[in-house]
Amino acid sequence: MALTEKMTINMGPQHPSTHGVLQLILELDGEVVQKATPHIGFLHRGTEKLSEHRTYNQVIPLTDRLDYLAPMSNNLGYCLAVEKLLGITDEIPERANVIRVMMAELTRLKSHLVWLATHALDIGAMTVFLYAFREREAITDIYEKVSGARMTSNYIRIGGVTADLPAGLEQEIREYAESMPAHIDEYEGLLTGNKIWQKRTMGVGVISKEDAIDIGLSGPSLRASGVDWDLRRDAPYCGYESYDFDIPVRTECDTFARYKARLDEMRQSSRIIIQALDRLQPGPVVADCPKVTLPAKEDVVNTIEGLIHHFKIITEGFKVEEGEVYVGIEAPKGELGYYLVSDGSPMPYRMKIRPPSFVNLQALPQMVEGRLLADVIAIIGTLDIVLGEIDR
Amino acid sequence: MCDQASVEKLKAKFSSAVLDVIEFRGELTVMVEKGRIVEIGTFLRDECGYDFLCDLCGVDYMGQQPRFMVVYNLYNITTKQRLRVKVGVDEQSASVDTVSGIWSTANWPERECWDLMGISFNNHPDLRRILMAADWEGHPLRKDYPVQGPDREPYQSRLS
């Protein structure tokens, strides 16, 4: 028997395949990982602490910086939580809700495209990276047109959205959504039947249904382990219950299943976007709650009430009834939850974010232990983590 | 989606340990006795179907008794219902039993709660700091921890 010695290696936090500043301490026996210990916190910015010292509106830009690959989902989750706390959920105008759904689904595409690009690149399929980033660029352009920013959008606000869609954008989004299934076919053509891709993903990072629930996986990772779970259907928000879409569930529980689940989800997202565009009717995009939402610019300039409301909301915010709510939404990476506690002041007393990546990353050690070192790369990719929201 | 039935079951089984039931905006919050959280958690998972722990966190109500609350946001995958369980934790002991034996999810959130709020979890398998550096002093999410850091004047917002 050959004499072997265990080796401890350090992966990250400056490793390109750890998708940000994730550090893994790996104990290896030859090429087999015996123990993996993740170290996080390198990007901790104290978002929860900062939010206790800002008015409810001032917190929205902080949420952009959590999952920076899907900023509008973060905006949306936070705004829904504040709206629930205020009790104005039913007053959000129809057009605002439709725009929110459309943006949330574009965000899902945007996030999944980056996941696909980097995951494939990590495993060695470089072409997909270029294709996926080409499509992602178009969504970034749409972001810029609606919000003025390509990544930190700050678009979805308490009571609605910042501004209506600019002229001509609906057509652009429609063309984009209609072209998406063909692009997904293109990615699948490069990967799904590819023997190398299959060898690197099938049977890798298997996590059973029971383990996945126990460890708290959510989103596509949970659905690929055979759990029929989707908050868009199970706890609908923004009118998701009225859209027609399927929820892809797979039972193989491996990296390939998660890959297929996400790609199928992208097809559903483009379906939802087209449905949203079909029902987009002219109308207000902000709720009529003068104490909470900013008045229109012409009202600020021409009426005394508008000026007062504008001044009060900007200088001191709005007071929120004492209470607490938890709102979870189906973000691209899983359940994004906001737990908000109000003490009646204009600033959150406590805001706890439940980032999907944080909980999903917890499953990493049990998925990699006993596997080869090269599989660690594939498994980090398949969990689709973003350190911005893990570290907050 | 309120789950009154589970709360009734919980009350019937642990009448003395259920301290309060609050409903706000359609969400149920059950305050329970700290010492029996593991029992109650196991009961909620096995008998009421709350198999998914969404989130666990601490809240600092400085100046009140007890000072801290540990909040468990639970979800039932089958019935798609939510339930929130809270336990009060006093400042002196600042500890509560771990629920990571019931839901493995609790492992990291409990570490985070220890790291940022300074509430320790008895019998936790690996209670280390998680977001802050290992040699950090203090617990930043406590209300008496200044937002600009321990070595500077407390932050005065425009509103205070």
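Student: How do β4(B) and β5(B) pair, parallel or antiparallel?
Tutor: In this predicted model, β4(B) and β5(B) run antiparallel and share nine bridges. Strands are DSSP runs of E with at least two residues, numbered from the N terminus, and two strands pair if DSSP finds at least two bridges between them.

Student: What sits between those two strands, β4(B) and β5(B)?
Tutor: Four residues, in a hairpin. Lys80(B) in the turn has a positive phi of about 60 degrees.

Student: And which residue stands opposite Arg82(B)?
Tutor: That's Tyr75(B).

Student: Which other strand pairs with β5(B) in the parallel sense?
Tutor: Strand β2 (residues 27-32) of chain B does, over four bridges. Val87(B) in β5(B) is the bridge partner of Val32(B).

Student: How many residues of β5(B) are buried?
Tutor: Eight of its nine, so to call a residue buried means that 20 or more other C-beta atoms, placed from the backbone, lie within 10 Å of its own.

Student: New topic: how many residues of chain B are in contact with chain A?
Tutor: 30 residues of chain B, and they meet 37 residues of chain A. Contact here means that the C-beta atoms, placed from the backbone, lie within 7 Å.

Student: Which element gives the largest share of chain B's side?
Tutor: β3(B), with six residues.

Methods: Residues are numbered from 1 along each chain as its sequence is written. Chains are lettered from A and ligands numbered from 1 in the order in which they are written. This is a predicted model: local features need pLDDT of at least 70, side-chain atom pairs count only at pLDDT 80 or more; totals for chains, interfaces and linings use all residues. Two residues are in contact if their C-beta atoms, placed from the backbone, lie within 7 Å. A residue is buried if 20 or more other C-beta atoms lie within 10 Å of its own, exposed if 12 or fewer, and partly exposed in between; C-beta atoms are placed from the backbone.
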